[in-house]
Amino acid sequence: HESGMKITRSEWSNVYGSYVEGLLRCGRAEDAVKVLTTDMIEARIPYTDKIFYTTIAMMAERKREVDPALVEVVKGEYRKWKAGQKRRSQALLPPHLDLAVPSSILDKRRDVIMGDRTRIHFGSLEEDDRVVRGGQANGSRAGLTLDQLGDEDVEHSESTSRAQAEHQAILEEFERKRIARTLAVPTDDLRVRARLRQEGEPITLFAEGPAERRDRLRAILAQKIHSTDPADMMDESEEESGDEEKEEPEEEFYTYGPDELLEARRDIASFSIARSKARLDGHSAELLLPYPQRKKMRHEFYTNLKTFETRSLQYGDERPLSFCTFSPNSRMLATASWSGTVKLWSVPDCTNLHTLKGHRDRVSGIAFHPNATRGQSPGSVNIVSGAADGGVNLWSLTSEFPIASLVGHDLRVTRVAFHPTGRYIGTASFDSTWRLWDASTQQELLHQEGHSREVFAIGFQPDGALAATGGMDSIGRVWDLRTGKSIMVLQGHVKDVLCLDWSPNGYQLATGSQDNSIRVWDMRAAKCMYTVPAHTSLVTQVKYWHASDDFENQSTEPWDFRADVMKVEEMQEQRDVVEENVGAAAALPLPPPAPTAAATAQHTNGTAMEGVLEAGTPSAVKADPDAREGTTTMRRQLMDGSFLVSSSYDGTCKVWTDGDYKPVKALTGLEGKVMSCDVSGDGQFIATASYDRTFKLYATEDVAG
């Protein structure tokens, strides 16, 4: 007012409406009702339907905090205002609406307003208006004040009344259209017809198509909502909330599984107990080494990680690459592409060794058998892949076509994983389930629900006891494979969980999300321990480094894929002949691979760490005999899982330290979206697969290639 701005009554009405809404949000229901029923009347601020709709709706949401008497006051004020509005509209209806209005009402109102041309009093300029009031007390006829005039209905001309009625009709039509835009109407024509029948309307009209029928249903529902009294809506919401409170809480439900699932759970339990015992023995052996020495070893290892640079670049396919992973012996890289093919490449010279064809759509996940290229027969199952066509194929290293398929998923299969035993396969799919399969019989053992939306990621704990899944419902779940229960819900990401990986220590799990962050979860504390703001776009892959036996026996000799496959096949044939002629007791085991020159030199010279190990610690930490052969040095035990690699759509691949998750290195030379990444078991190479159809190998300068 002081600035000279003109504020209309409708604008003041919006201001008071916002004020009432703010008071309700702050829990000041009594003040809100006072403003609505007293202050607005004294300030001559007109009511609107929106104010009452908002007030009653917010009171319904906070019914536990709001006194029911206040709700009744608001309802009463609303009904009183609507009744007065209805009386005024009946008195001012234009003749063309053909509604009978008694002339006595119009005459009475005209007399009240116009009367005998009484003068209008604009108020006294004196400090005391007793002169005016005194006239009334003496029986003289006083004039009407502006406030009193506002309470009466002024008779308008026919054109003005018609314009007001048309304006009100336009506003109501706009309100109905606004409500219609916010309604969720079924798209299925059968459901639309059923809803029309439920509303008592014709299910179809002449020459009406599905689109017109759906629009008609939307208009009917909007009209129904617009004509509903908000006070009645308040009563209905109270009844519905009361019914919900009476409902019993949901209970856990169980589904019957085949006998093979029971045997698989027993097998997994036996396997995981041995693995976890070996892991805990390894952690105990680490504590025998002085902490300063352990810290120094890790610091030297991280210094070496900072020297990783681009070693090789190769076009992997005619279409974008979607996934990449190293073989267990670290001498081969598998890439998947949108063309539906899986290709195997030699490391580090990136020569195409083999192409696997069998999918009709984009391949989105691949995994190697834990013993592939390390004693597994080339003709048996060595690789599993999943694609957008819903198919899961099993591959050998001797054929370019799948040797078997896992049939069950109806929608896209996003990720696949081998269980550490190598006998089971896990798959995640867009059908909101993940499944467990028997790799030898291709039988579906477990059909697991639990996510409300698509399941995108899956991974098995190194011990084999637990499985983790991540979905597009922004949560992850940890499952106990021995009992089938969901033992932990990973809640913290605000968008889709797109990738995950277990740490070799067995109790930490890293998840990457579309919210650009990485979260590290601790199974012992059952909560998120670290949140890493890793990237500026969605995280496509997270990978802990899982050190293999080749970490201490790194080989630089060329590896001939074809020759190695033929050699193993010849050994297998010789073994079959011996078993047939001599019997099972005389069967010859497959000879272990011959040590390379580099491995022999390293074994001869030894290391300072091994000297410390021989002097003051147990001779070695034995690995699980069912999964690995040989022994594991203390150095490998300390370095295993010491860093994490992540890739993102922001065109970067980063290396993070384990424990405090500080950035160590951002790999250079990447352009566009990085779809996947992986670390070789020997710790020599990091691979990335990109949307630009290329994959890259990164290594230190001292790695021969």
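Modeller: Let us begin with burial: a residue is called buried under 20% relative accessible area, exposed over 50%, and partly exposed in between, with a 1.4 Å probe and protein chains only. By that rule, Phe-301 and Phe-643 are both buried. The model is a predicted one, in which local features need pLDDT of at least 70 and side-chain atom pairs count only at pLDDT 80 or more, while totals for chains, interfaces and linings use all residues. Residues are numbered from 1 along each chain as its sequence is written, and side-chain values use heavy atoms, with hydrogens and water left out.

Biologist: How is a pair of aromatic rings described?

Modeller: Such a pair is described by the distance of the centres and the angle of the planes. Rings of Phe, Tyr and Trp (for Trp, its six-membered ring) pair if their centres lie within 6.5 Å; planes under 30 degrees apart are stacked, those over 60 edge-to-face, and the rest tilted. The count by this rule is eight aromatic pairs. In one of them, the ring centres of Phe-301 and Phe-643 are 6.0 Å apart and the planes stand at 35°, so the pair is tilted.

Biologist: Which parts does the pair of Phe-301 and Phe-643 tie together?

Modeller: Helices (H or I, at least four residues) and strands (E, at least two) are DSSP runs, numbered from the N terminus. Phe-301 belongs to helix H13 (residues 291-305) and Phe-643 to strand S25 (residues 643-648), so the pair ties together parts 342 residues apart in sequence. Ring pairs also link Phe-301, Trp-545 and Phe-643 into a cluster.

A further pair is formed by Tyr-530 and Tyr-661, whose ring centres are 5.1 Å apart with planes at 55°, so this pair is tilted. It links distant parts of the chain, 131 residues apart: Tyr-530 is in strand S21 (residues 527-532), and Tyr-661 in the loop between strand S26 (653-657) and strand S27 (663-666).

Biologist: Are Tyr-530 and Tyr-661 buried or exposed?

Modeller: Tyr-530 is partly exposed because its relative accessible area is 32%. Tyr-661 has a relative accessible area of 6%, so Tyr-661 is buried.

Biologist: Where does a charge sit over a ring?

Modeller: The rule requires NZ of Lys or CZ of Arg within 6 Å of the ring centre and within 35 degrees of the ring normal. Arg-362 lies over the face of Trp-338, 5.3 Å from the ring centre. Likewise, the charged end of Lys-673 is placed over the ring of Tyr-691, at 5.1 Å from its centre.

Biologist: How do strands of a sheet pair?

Modeller: They pair through backbone hydrogen bonds, either parallel or antiparallel. Here two strands pair if DSSP finds at least two bridges between them. S6 is joined to strand S7 (residues 383-387) by five bridges, and Ile-366 has Ser-385 in S7 as its bridge partner.

Biologist: What do S25 and S26 form?

Modeller: They form a hairpin with four residues between the strands, and Gly-651 in the turn has a positive phi of about 80°. The two strands pair in the antiparallel sense over five bridges, with Ser-646 opposite Lys-654 in S26. S26 is mostly covered, since four of its five residues are buried.

S26 and S27 also pair in the antiparallel sense, over three bridges. Trp-656 has Pro-663 in S27 as its bridge partner. This hairpin has five residues between the strands, and Gly-659 takes a positive phi near 105°.

Biologist: Where is the place of Asp-431, and which side chains does a polar contact join to it?

Modeller: Asp-431 is in the loop between strand S11 (424-429) and strand S12 (434-438). A polar contact is a pair of N or O atoms within 3.5 Å; within protein, one must be able to donate a hydrogen and the other to accept it, and residues adjacent in sequence count only if both atoms are side-chain atoms. The side chain of Asp-431 makes such contacts with those of Thr-433, at 2.7 Å, and Arg-435, at 3.1 Å. With a relative accessible area of 18%, Asp-431 is buried.
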